[in-house]
Amino acid sequence: MSLPTMTMVVLVALAALLIAATVQSLPQGAPETVCDTMLPFHSGGRELPKNSAPPFGIETSTSVVGQGQTLRVDITGLTPELSFGGFMIQARNRNPPYQIVGQFGPSRDGTIKLMNCENSVNNSATHSNAGPKQQVSLDWQPPVDFLGQVVFNATVAQSYAEFWVGIPSDPVQVVRRDVAGPAPLPTVNPPTNFNTGSTRTPYVPPNYVAPTVSAVVEDTFYDGCGEIKNCFGFPNGCVATRSCTIISAITVRGEIYEFEMRSGKGTNAAYVAMGLSDDARMGDDLTTECVPENGRVNLYSSYTSNSPYAAIRGSVSQNSARLLNASFVDGVIYCKVQRDPVTVVQGRSFDLKNGAYHMLVASGTALKENSVGFHNIGFLPSSNPINLAVVQELGGSSMLLVRLHGAFMIAAWIGTTSLGIIFARYFKQTWVGRQTCGKDQWFAWHRMLMVTTWSLTIAAYILIWVELKRAVWHAHSITGLITVILCFLQPIGALFRPGPNDKMRPWFNWGHWLGGNLAHILAIVAIFFSVKLPKAELPEWMDWILVGFVVFHVLVHLIFSVSSIASDRHQSQRVNTFQMGDMPHHHQHAMRNGMSMERKMDAPYGGLRKGLLGIYTIVLALFVVVLILLVVLAPIEKAFK
């Protein structure tokens, strides 16, 4: 073969290789060096991923999978004629630290190559050959000790120069595993291989613009509310704005009664429930509960009791309602239920056709054995009982008593108590000789402020009992009850105050001081706890306002304490300036008269104390006004919309 002929053969071979390179990906699949970036190193990294909408998608066989169960994952083109050569896929925790989760199973036809990323086994997968393919199906298994949401991320190469990085699937919820679920995939190690040390999200190349591949889907749950079905949700008024944390609907067609319920996104709800009540309060109510368990949503009917509070499933026939449709996607619980027109519970008849009931909605993050837990996400009764067949706009029951309870407690324990303690502790030697109603100024102000505290506290406690009509035990109610008891006992103890020279007077002083300060501290702690109560509907940032008050209150006490120490030292120096034993008798008599006059004068630095009191009173009033507005106008975000 001549040299020109040989040269021509070499050029043709090189051209063939270049053509093959443009239509094929890496023939042996992605290397493990790209586990973190998922970025093909084509042409030495000079080839960048496309930023157009990918023509390929990641589909899962279900949106909910139990721990240790098997899920099918498909990589496919958006149209049947599309094919691709190479791919890489892995599942990552949707939330920090975004670690790779789970294991892929080996393929039966050998077209899939498993990868060991982040020191784990088989937690990623790639192609074993770069031939054209329209679809790839993989088996994936979540760890047995992982709960939460995962998203499958894939790199898909249509050709050597055309590839898309980080194509996401819809979120998949991993829930508590079903013991009777399918057998686990054969693996080298137990399927608990996720690296909690990784905090790196899937790679996004520089200047890469993620395409928008899905349009915003309009929420159709609210369609027909007030027209063909009764809708009611939490918080109050959320149906009009389509922004409910808990939403329910009742549709009546003849004698068919369909109930729909849905929890809010991002609430981490363990259940969503709807109740029918005679009195707009939990207790003696028929409830319908939808609870995600073992990869599916289960329906339960319960009957609530008041003392003690419980939702008892055994009291209600579970055949009185049927689950028509349900889903648990992206942490949102949805169910559609048909109830019998009449349900008899413990001799009591719930007649949906002829009766009138308050609608109740509730949701919480915890479950009990054979029951739902406390409705810490939200609870709201409708304001009026309704006939379920009469379509109308519904509003929540009045929150007036709850708002007044909160406002009274803030005025009492942030306002009057704080100021009353300041007077009693630092102003006994101020305004000396001036009296009101025959009492020293400090005592008159202290007594007036503390009587106001006592009155507001008792009134607030009565109001919340009228609202709830039963005891509810949680951190806020327990600390609040102790505060009320201490507050109630303080003035009774004061009635038996010993005389100034009585030997029991020091014991009284210490007891009165301890009881008052302990009540004040517990009251402020109870107010902190109230911010977390769903019924209060207070913003979480209210905690920072309370922290600001505490810091300000402590700082003022420190300044007053330093002032008192300086004042006492100044008085002591004046007394010790002269040694009375070295003076003539008539000089000692004059000195005693001077000391007597001095005791009738204000202690040193009286101007500082009065000025600081004025500043403290103004700032304290601002704190009280802001906090009361947050309580009365709750939810404050809605008030300003």
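User: How are α3 and α9 oriented to each other, roughly parallel or roughly antiparallel?
Analyst: This is a predicted model. The axes of helix α3 (residues 400–426) and helix α9 (residues 606–632) cross at roughly 170° and come within 9 Å. Angles over 145 degrees count as roughly antiparallel. The two helices are therefore roughly antiparallel.

User: Where is Val 466, and which residues does it contact beyond its neighbours within four places in sequence?
Analyst: Val 466 belongs to helix α4 (residues 441–468). With a relative accessible area of 41%, Val 466 is partly exposed. Val 466 and Leu 401 are 65 residues apart in sequence, and their C-alpha atoms are 8.0 Å apart. Setting aside neighbours within four places, the contacts of Val 466 are Arg 281 and Leu 401.

User: Is His 446 buried or exposed, and which residues does His 446 touch?
Analyst: His 446 is also placed in helix α4. Its relative accessibility is 14%, and buried means under 20%, so His 446 counts as buried. Not counting residues up to four places away in sequence, His 446 touches Gly 420, Ala 424 and His 512.

User: How many salt bridges are found in the whole structure?
Analyst: Side chains of opposite charge can pair when their charged atoms come close. The cut-off used is a side-chain nitrogen of Lys or Arg within 4 Å of a carboxyl oxygen of Asp or Glu. A search of the whole structure gives 14.

User: What parts of the chain does the salt bridge of Asp 36 and Arg 92 tie together, and which of the two is buried?
Analyst: The closest N and O atoms of Asp 36 and Arg 92 are 3.7 Å apart. Asp 36 is partly exposed at 21% relative accessible area. At 2%, the buried residue is Arg 92.

User: How many residues apart are Glu 258 and Lys 336?
Analyst: Glu 258 and Lys 336 form a salt bridge with an N to O distance of 3.6 Å. Glu 258 sits in strand β14 (residues 256–263) and Lys 336 in strand β20 (residues 332–339), which makes this a link between distant parts of the chain. Glu 258 is buried at 9% relative accessible area, whereas Lys 336 is partly exposed at 26%.

User: What is the distance between the closest N and O atoms of Asp 340 and Arg 322?
Analyst: Asp 340 lies in the loop between β20 and β21 (342–345), while Arg 322 is in strand β19 (residues 321–329). Asp 340 is partly exposed, at 23% relative accessible area, and Arg 322 is partly exposed, at 34%. Their salt bridge has its closest N and O atoms at 2.9 Å.

User: Which residues are linked in a network of salt bridges?
Analyst: The network joins side chains by salt bridges. Its members are Arg 94, Lys 265 and Asp 330.

User: Which peptide bond is cis, with omega near 0°?
Analyst: Most peptide bonds are trans. Pro 235 lies in the loop between β12 (230–234) and α2 (238–241). The cis bond runs from Phe 234 to Pro 235.

User: What is the phi of Gln 346?
Analyst: Most residues other than glycine have a negative phi. Gln 346 lies in the loop between β21 and β22 (348–351) and is exposed at 59% relative accessibility. Its phi is positive, near 50°.

Terms used. Residues are numbered from 1 along each chain as its sequence is written. This is a predicted model: local features need pLDDT of at least 70, side-chain atom pairs count only at pLDDT 80 or more; totals for chains, interfaces and linings use all residues. Side-chain values use heavy atoms; hydrogens and water are left out. Axes are lines fitted to C-alpha atoms, for helices over the stretch in contact, and angles run from 0 to 180 degrees between N-to-C directions. Helices (H or I, at least four residues) and strands (E, at least two) are DSSP runs, numbered from the N terminus. Angles under 35 degrees count as roughly parallel, over 145 as roughly antiparallel, 65 to 115 as roughly perpendicular and the rest as oblique. Buried means under 20% relative accessible area, exposed over 50%, partly exposed in between (1.4 Å probe, protein chains only). Contact means heavy atoms within 4.5 Å.
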